[in-house]
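This report describes a protein together with its ligand. Please keep the sequence and the structure in view while reading.

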Amino acid sequence: MEFFDYYEKLFGNRWSALLESLKGEGRAVELRFGDGLEPYYLDEASVFAAKALDVQPGDEVLDMCAAPGGKTLVIASLLKGKGSLQSNDRSPERRLRLQHVIENSLPETWRGIIKVTGYDGMKFGLHKKECFDKILLDAPCSSDRHVLNSPSHLEVWSAKRVKRLSVEQGALLASAVDALKPGGTVVYGTCALSPMENDDVVKKILKKRPSMKMVEIGDLLPGADRTEFGVHILPDRSEGRGPIYCAKLVKMV
Ligand SMILES: C[S@@+](CC[C@H](N)C(=O)[O-])C[C@H]1O[C@@H](n2cnc3c(N)ncnc32)[C@H](O)[C@@H]1O
């Protein structure tokens, strides 16, 4: 099948162990922010990606593709009710889930600064130019672990789709960069396996927007791999965590 051939070519000898780990259990941690609040379970690698943004209380933050909301919870817990957080997602159904998660898993004092919106992420660069200190772009991606474990998704997977998604990711990242204040930080992330959706997207934006510089993300999780521009956490080496790719960029003043 095309999916297996494609990734075997990319990962070579590593593929069989990676494939087995992708079929196995993930490694979720419980996020619980107070008595009586609903717990939320999130892959430790996703927590890592959200923390890589290095959010501080008082920051003006955009979570551009936020639903169902795991990483918004991590960001809100770092803001502690100070600053602002726009949690945006284009999908109305997924936004309902996002709203539920925010209302039921965060203390009231932290929720007050969060605004949920439903814009197309591609528009922020145009309409919100240089407005945010920090932006998380957790981009729509191939979601390979999910695809592998869903026969109907596996059936429609194609290399063309990976290419199409990488073009969309590049446009979303350009929009995020343009919405960032000088001195601001963007973290670009996916849960995709292919470099086409990860380092290649970052490489292109660094060429297109010379004001952006890559920053090395510190304190890696066990088994994480450094790539040319970011970090890739894959379950075969990282005790079931991932897949998560993330890269951190700053806009020079
Ligand atoms: C990987 S998921 C985000 C997961 C989320 N960050 C979390 O931690 O729960 C990608 C999201 O992007 C949204 N999306 C896709 N295209 C978009 C666009 N052009 N603008 C805004 N959101 C978009 C999808 O609806 C989906 O919810």
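## Aromatic pairs

Rings of Phe, Tyr and Trp (its six-membered ring) form a pair if their centres lie within 6.5 Å; planes under 30 degrees apart count as stacked, over 60 as edge-to-face and the rest as tilted. The structure is a predicted model, in which local features need pLDDT of at least 70 and side-chain atom pairs pLDDT 80 or more, whereas totals for chains, interfaces and linings use all residues. Residues are numbered from 1 along each chain as its sequence is written, and side-chain values use heavy atoms, with hydrogens and water left out.

There are 13 aromatic pairs in the structure. The ring centres of Tyr-6 and Trp-157 are 5.1 Å apart and the planes stand at 65 degrees, so this pair is edge-to-face. Because Tyr-6 belongs to helix α1 (residues 2–11) and Trp-157 to the loop between α9 (151–156) and α10, the pair ties together parts that are 151 residues apart in sequence. Helices (H or I, at least four residues) and strands (E, at least two) are DSSP runs, numbered from the N terminus.

## Surroundings of the ligand

Which residues come nearest to the ligand? Of the 21 residues around the ligand (a heavy atom within 4 Å), these are Asp-89, Arg-94, Asp-120, Gly-121 and Asp-138. The shell consists of nine nonpolar, five polar and seven charged residues. Here Ala, Val, Leu, Ile, Met, Phe, Trp, Tyr, Cys and Pro count as nonpolar, Asp, Glu, Lys and Arg as charged, and the others, Gly among them, as polar. Helices α4 (70–79) and α10 (159–178) each supply at least two residues of this shell.

Polar contacts are pairs of N or O atoms within 3.5 Å. A polar side-chain atom of Arg-94 lies 2.5 Å from an oxygen atom of the ligand, and a backbone N or O atom of Lys-71 lies 3.2 Å from a ligand oxygen atom. A polar backbone atom of Gly-121 is 2.7 Å from a nitrogen atom of the ligand.

## Backbone features

Two cis peptide bonds can be described. One joins Ala-67 and Pro-68, with omega about 10 degrees; Pro-68 is in the loop between β3 (60–63) and α4. Another joins Gly-242 and Pro-243, with omega about 5 degrees, and Pro-243 is in the loop between β10 (231–233) and β11 (244–251).

Lys-80 is not a glycine, yet has a positive phi of about 55 degrees. Lys-80 is placed in the loop between α4 and β4 (84–88).

Note on methods. A polar contact is a pair of N or O atoms within 3.5 Å; within protein, one must be able to donate a hydrogen and the other to accept it, and residues adjacent in sequence count only if both atoms are side-chain atoms.
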